[in-house]
Amino acid sequence: MADDDDFRPKLGRIRARGSKRGRRYLHQVLRAVALAGTRSSSSRGSFYGNRIGRGSGVGRVLASRDRYAAFRVRRVIIKSRIVKLKGQGLKAARLHLRYIQRDGVTREGMPGELYDADSDRADGRAFLERGEGDRHEFRFIVSAEDAAEYDELKGFTRRLMSQMEEDLGTRLDWVAVDHYNTGHPHTHIVLRGRDDRGKDLIIARDYITTGMRERAAEIVTFDLGPRSDLEIENRLRMEVEQERFTSLDRNLLREADEDGTVRSGTAVGDVFRQTLRAGRLQKLRRLGLAEEVASGRWRLADDLEPVLRRMGERGDIIKTMHREMAREGRARAAADYAIYNPADRNVRQLVGSILARGLSDEINDRHYLIVDGVDGRTHYVEIGRADATEALPEGAVVAIEPKQAEPRAVDRTVAEIAAANQGRYSVEIHRRHDPTATAAFAETHVRRLEAMRRLGAGVDRQPDGTWIVAPDHLEQAAGHERAQTRSSPVVIETLSVLPLDRQVSAEGATWLDRELVTDAPTTVRDAGFGRAVRQALDRRRQWLIEQELARQEGDRIVYRANMLGLLRRRELTRVAGQLSGELGLRYAETEPGERVEGIYRRRLDLASGRFALIEKSREFRLVPWRPVLERNLGKTVSGIARGDTISWSLGRKRSGPGIS
């Protein structure tokens with residue numbers, strides 16, 4: 001029988017991944033305790049780990065403050081995000097630091113100034129270098145309701161971070177930038193995920209969600225004084241008519257009975273609050289979110305809070321569009337604004353010109369576009385994460401469609417072939433299954449599998465190049481598409497990087513030319529950008545006639561055969577001549593079916609589209625560009641020319657042709 005002191009040593013690093021699918025011991029404990037808590041009849045038995053980390057005690061104390069005292073404290077909103085720095089995280093951290101220092105964020109419209117605890121001009125590169133190897137970083141946006149009362153926010157931010165150091169018991173390494181380009185001045189803070197001993201900095205959830213906000217509110221209240229009765233009353237009066245979720249609505253929901261009814265009067269004989277309550281209920285009635293079921297008795301809509309929050313978001317979007325249009329010097333009626341909703345099944349393709357691009361959610365790095373549509377309206381389009389959409393210049397003409405969250409045709413083909421071959425797929429298996437399929441066609445399926453593998457979507461590549469495909473591959477593909485949709489809800493096709501006025505006389509195959517010769521031209525309304533497109537098409541026709549690429553026969557225009565090809569070749573020849581003198585290399589045209597090989601040097605944005613400069617030892621080529629090439633800048637690439645596209649083979653694998 002084993003003695004109590006017997007033990008079996010486990011060799012390896014401390015906290016090394018063990019059994020049970022590599023889950024760390026701490027995670028196992030948290031999961032077991034959480035499961036035990038859910039079996040308890042009381043919610044007090046649940047444990048979610050929100051008190052693990054530095055500042056947990058301070059966070060709980062600050063969260064339990066007297067509600068009446070907190071009512072007079074000045075409001076501060078803090079948005080927080082913890083960003084993992086593995087993989088693409090370091091690149092994202094660099095881009096985020098660059099973005100918060102962008103132009104136009106100071107009161108004078110200058111670039112943002114990065115500062116830290118000791119200097120008004122911090123070194124961002126040194127901060128990133130110190131953060132190399134960090135597991136994570138914290139990002140905060142601190143926005144005080146009365147921030148406009150401060151001449152500058154540096155002192156406030158430094159006092160907040162100094163107080164956090166006391167609460168967390170460690171020195172903090174941080175940089176910050178103050179922004180004054182919105183109606184509410186705010187500060188972006190980037191905090192390294194290391195403490196002063198070089199260990200991972202773990203901050204308790206209670207402190208992040210409550211403690212930090214309370215500390216910031218303390219500082220603002222100390223500087224500006226508590227809110228007076230007059231300030232509080234004015235704020236509440238403004239809430240009565242607001243079309244968003246307010247503190248008045250929160251109180252109504254808190255006091256509602258189980259059947260969703262509330263009284264118009266308050267329990268306390270406060271005439272002012274009764275007036276506010278009655279006024280808010282009348283506003284909710286006009287919005288269709290409340291009805292009077294008896295004298296002084298009101299029933300609230302079940303979806304009152306989500307509807308009001310959506311209305312508030314829409315109001316913020318309309319304000320953003322007003323601001324961008326004012327910056328462009330254009331005035332539009334409210335009816336000419338539209339919000340593009342990819343989730344709406346009736347939404348169609350949007351064609352228009354990009355007016356502006358901005359951040360809809362700064363903490364989560366989600367962007368929007370303002371698009372002047374050919375339908376005569378100005379559209380707000382949520383495009384998702386910055387790294388999911390390429391940068392597009394203002395004035396570019398684009399076509400936007402909702403991204404479909406369903407399996408693609410290639411997924412169905414892979415599933416069919418794998419089902420017939422014991423769950424295995426490869427180019428060779430594909431061609432045996434379908435003798436009519438070409439190797440290039442099969443390689444497109446391999447590229448899809450590789451993209452799914454990188455995101456952990458349930459496929460596995462074997463050393464011999466064969467893929468193991470799960471029986472539920474279509475469900476996995478649908479989940480992969482849903483994840484992609486959350487990251488980027490729309491598909492943006494660049495129709496032309498040139499604005500309309502430059503397309504009119506451009507020596508190349510422009511979007512206007514394609515619209516003129518197509519059998520199904522885009523429907524254009526005679527208003528706004530649509531009217532500008534009509535005028536540009538008329539001017540382009542006259543230019544083509546002058547260039548003897550079109551002629552007028554009675555009431556119709558006859559275009560020269562292969563007009564688009566002639567324009568494209570004319571532009572490529574002109575640009576190639578300029579590059580030949582610059583590079584000292586000979587230009588070689590690419591024929592269909594020809595193999596293209598060389599070093600990808602850069603992208604060229606031309607009237608005829610986007611082209612890649614491929615350089616060899618004595619010559620260079622201009623071929624159609626694809627986004628996948630940007631990951632291979634300065635590297636050797638190869639592919640086969642197929643009409644107006646290139647089937648690229650990028651990277652290497654252990655056997656068989658390369659994949660992108």
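1. Phenylalanine 138 and phenylalanine 140 are both buried, meaning under 20% relative accessible area with a 1.4 Å probe and protein chains only. Note that this is a predicted model, in which local features need pLDDT of at least 70 and side-chain atom pairs count only at pLDDT 80 or more, while totals for chains, interfaces and linings use all residues. Residues are numbered from 1 along each chain as its sequence is written, and side-chain values use heavy atoms, with hydrogens and water left out.

2. The count of aromatic pairs is five, where rings of Phe, Tyr and Trp (its six-membered ring) pair if their centres lie within 6.5 Å. One of them joins phenylalanine 138 to phenylalanine 140, stacked at 6.2 Å centre to centre with 0° between the planes; stacked means planes under 30 degrees apart.

3. Tyrosine 368 and tyrosine 380 have ring centres 5.0 Å apart and planes at 25°, so this pair is stacked too. It links distant parts of the chain, with tyrosine 368 in strand S10 (residues 366–373) and tyrosine 380 in strand S11 (residues 378–385), twelve residues apart. Strands are DSSP runs of E, at least two residues, and helices are runs of H or I, at least four, numbered from the N terminus. Tyrosine 368 counts as buried because its relative accessibility is 5%; tyrosine 380 counts as buried at 6%.

4. Arginine 603 lies over the face of tryptophan 625, 5.0 Å from the ring centre. The criterion is CZ of Arg, or NZ of Lys, within 6 Å of the ring centre and within 35 degrees of the ring normal.

How values were computed:
Rings of Phe, Tyr and Trp (its six-membered ring) pair if their centres lie within 6.5 Å; planes under 30 degrees apart count as stacked, over 60 as edge-to-face and the rest as tilted. Buried means under 20% relative accessible area, exposed over 50%, partly exposed in between (1.4 Å probe, protein chains only).
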